[in-house]
Amino acid sequence: MTFLTGGRPLDEQDRVHLDALGIPIVGGGISRVEADGERVVGVRVDDDEVIDLDAVVVGSRMTVRVEPYTAIGVTADDHPVGTFIATDETGATSVPGVWAAGNCADLMAQVGAAAAHGARVAQFLNAALVTADLESAVAEQAGEVVDDARV
């Protein structure tokens, strides 16, 4: 086994762990996977050196489209496998009235889980809107000023 950094920095603790397991670390960018027509035979690093390998396993990073969230003040959080929108258990973000669901909030969610999470968050969002309407109606009946910007 060989760990290829792909040109990314490697955390010192990860380096210690890989060294302890006797796993060689190869830095540099990966320019291509080499094959003999039927099977993988190596990986070319920095368009020069070929590291002989029998197989390649890729640890992908998840890319979430965070721009719509950051445009309204929600910050994206980093995770070892990508960037995501942090939420509470209901899907609410740090900005009142903004929810996130699916794999923008859970990087590991595949299609089924992401859809289920969306349905769950929609239920919480609906409950929050109904509660806000109820609180507004009670406040108006009591003659209080209503702040509609809560949800």
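Predicted model: local features only at pLDDT ≥ 70, side-chain atom pairs only at ≥ 80, totals over all residues.

Residues are numbered from 1 along each chain as its sequence is written, and side-chain values use heavy atoms, with hydrogens and water left out.

**T5.** Select T5, in the loop between β1 (3-4) and α1; helices (H or I, at least four residues) and strands (E, at least two) are DSSP runs, numbered from the N terminus. T5 is buried at 14% relative accessible area, where buried means under 20%, exposed over 50% and partly exposed in between (1.4 Å probe, protein chains only). Beyond its neighbours within four places in sequence, T5 touches L10, I25, V26, G27 and G28 (contact: heavy atoms within 4.5 Å).

**Negative patch.** Next select D11, E12, D14 and D19, which form a negative surface patch. Patch residues have over 30% relative accessible area and no salt bridge, like charges being joined within 9 Å and nonpolar side chains within 5 Å; a salt bridge is a side-chain nitrogen of Lys or Arg within 4 Å of a carboxyl oxygen of Asp or Glu. D19 lies in helix α1 (residues 12-20) and is exposed, at 51% relative accessibility.

**Nonpolar patch.** Finally, select V33, V56 and V58, which make a nonpolar surface patch of about 250 Å². V56 sits in the loop between β5 (49-52) and α2 (67-70) and is partly exposed, with a relative accessible area of 34%.

How values were computed. Areas by Shrake-Rupley, 256 points an atom, 1.4 Å probe, with all protein chains shown as cover. Lys, Arg positive; Asp, Glu negative; His and termini not counted. Charge placed at Lys NZ, Arg CZ, Asp CG, Glu CD.
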